[in-house]
Amino acid sequence: MPPPTNVVEMKQIVKRFPGVLANDHVDLDLRQGEIHALLGENGAGKSTLTNILAGLYRADEGEIFVNGQRADIGSPRDAIRCGIGMIYQHFMLVPSQTVTENIILGLDEPRFFLNLPKAEKRVAELSNQFGLKVDPRAHIWQLSVGEQQRVEILKMLYRGANILILDEPTAVLTPQEAHELFETLRSMTAQGRSVIFISHHLDEILEIADRVTVMQKGRVTAAGVSPKGMTKNDLARLMVGRDVVFALAKKKIEPGDVVLEIENVRALNDRGLPALQNLSLQVRANEILGVAGVAGNGQRELSQVITGLRPIVSGRIHLGAYDLTDHSPGEIFNLGVGHIPEDRLGSGLASGLDVMHNLILRRYKEPPIARGISINWGVADKVSQNLVATFDISTPGVHTRVGTLSGGNTQKVILAREISTRPDLLVAVHPTRGLDVGATEAVHKLLLQQREQGAAILLISEDLDELLAISDRIAVIFDGQIVGEMPAENADIEKIGLMMAGTSAETK
Ligand SMILES: Nc1ncnc2c1ncn2[C@@H]1O[C@H](COP(=O)(O)OP(=O)(O)OP(=O)(O)O)[C@@H](O)[C@H]1O
Ligand SMILES: [Mg+2]
């Protein structure tokens, strides 16, 4: 067999940010036709490295070779000229335009020469060639998140990318969509394209990666190893240098009084369509109720009506003796409701402020941080430092801007803030999305600890393994209703899957 051809070689890449050595002499080679996974803890430097290759950041030191030629990549435009395309996590599509219009947007050819039917035909060809199902004439606002991601991929293929970088592409996808994405990636590599794939899901890496490069604190600790024959534990050990517990010990506790009671709630979604249809559920103290469901079945609206971010049309929501209906988010927080929202940078955090301000956002009006009408910054500083240590948030310091933290560490800031106020009810939406295995384990332990201390927890997740691992009961949401409920112990995964798909009309 001829030796593999390297389409990309990154050599001794160094990238510094204030207080952080994000890439410390990193080498990476990508072979033609392979899926190369990048694995590493939150803040290890994966996104930084791929952002350098995609022309978003410039390396302080090091060299990049593409197809054997030294490449000077100073912008995304340079990158695409070298055949390198990056699929971003936050899509940058124009909602009012069609798929094809978005794909040709920003191309060098003057608009005047654009031939829309011809472009549509090309988009349809590419979509067939790689199994990227999407209607070239559909408007972006009509598309699901998974379909929008396909448009981003098509956009890069249209521009002639043969090296694709996907940074945590499955974090926003349903399991079904993730499966379809993998089919596409396989068909791309079979046709000679090469892929760099970042994910925290070890199962996914074992399933589709040909080789894996592991990073730790800016350095490569395993370069291009084959995951064949490896287990999840082998990968986790490479990454965090210790064993990770995938099955947690859950103490047996009898649930206490009902803390959250939702009765026949109806609510609308952003488009004014019914999102919650007579939904009822209860969560007790010392209990985790896991809500399983395919995204878009009312999960977001459910978390929003409880936390005061969305009005209800009818029904009742009670927190112990209090009626939560028509209370503001601030009042509801004061009544003892913590919220780990789905949208971290939107409703979760003020990304322009530093870590400390974000951590104390909920508490600056109370002693010890409040001192009369002013703030005791010394205490605020100390409280934040403690939270950073307890929650193992990797940041140069508490005065670092939250917007510069890595994805996973951003999430930890929210968790630290919401859990440290010891809420009676915690509404956790995808609490471990984007977290590395070590951090996921830590969050699961924290949630279980909250449960032992008497909190009622509503856990909304699409990750069945997560739901089964830490919930006491599982409720399945479909089309804005709870269509079934069962103890998590011995729960039948297949049955849950069917209910999630709406094929079983069983009710509790
Ligand atoms: N624009 C930036 N400004 C300042 N620091 C940054 C910037 N981008 C990244 N960093 C820092 O560089 C380090 C590496 O971050 P990076 O985003 O590459 O990590 P990652 O491996 O992708 O982590 P995650 O799994 O959480 O996404 C982190 O400490 C991060 O805070
Ligand atoms: Mg990242």
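**Close-up views of a predicted model**

**View 1. Val212 in its strand.** Val212 sits in strand E9, residues 211-216 (strands, E, are DSSP runs of at least two residues, numbered from the N terminus). This is a predicted model, in which local features need pLDDT of at least 70, side-chain atom pairs count only at pLDDT 80 or more, and totals for chains, interfaces and linings use all residues. Residues are numbered from 1 along each chain as its sequence is written, while chains are lettered from A and ligands numbered from 1 in the order in which they are written. Val212 is buried because 24 other C-beta atoms lie within 10 Å (buried means 20 or more such atoms within 10 Å, with C-beta atoms placed from the backbone). Leaving aside neighbours within four places in sequence, Val212 is in contact with residues including Ala37, Leu39 and Pro227 (contact means C-beta atoms, placed from the backbone, within 7 Å).

**View 2. Domain 1 and domain 3.** The protein is divided into domain 1 (6-240), domain 2 (256-336 + 423-508) and domain 3 (344-422); these bounds come from an automatic or database domain assignment. The centres of domain 1 and domain 3, taken over C-alpha atoms, are 32 Å apart. Seven residues of domain 1 are in contact with nine residues of domain 3.

**View 3. Two nonpolar cores.** The largest nonpolar core has 70 residues, and Leu260 and Ala428 are among those that touch the most other members (a core is a set of buried Ala, Val, Leu, Ile, Met, Phe, Trp, Tyr and Cys residues joined through C-beta atoms within 7 Å). At least three of its residues come from each of domain 2 and domain 3. Apart from this core lies another, of 64 residues, among them Ile35 and Phe130.

Terms used: Contact = placed C-beta atoms within 7 Å. Helix = DSSP H or I, 4+ residues; strand = E, 2+ residues; numbered from the N terminus. Buried ≥ 20, exposed ≤ 12 C-beta atoms within 10 Å, placed from the backbone.
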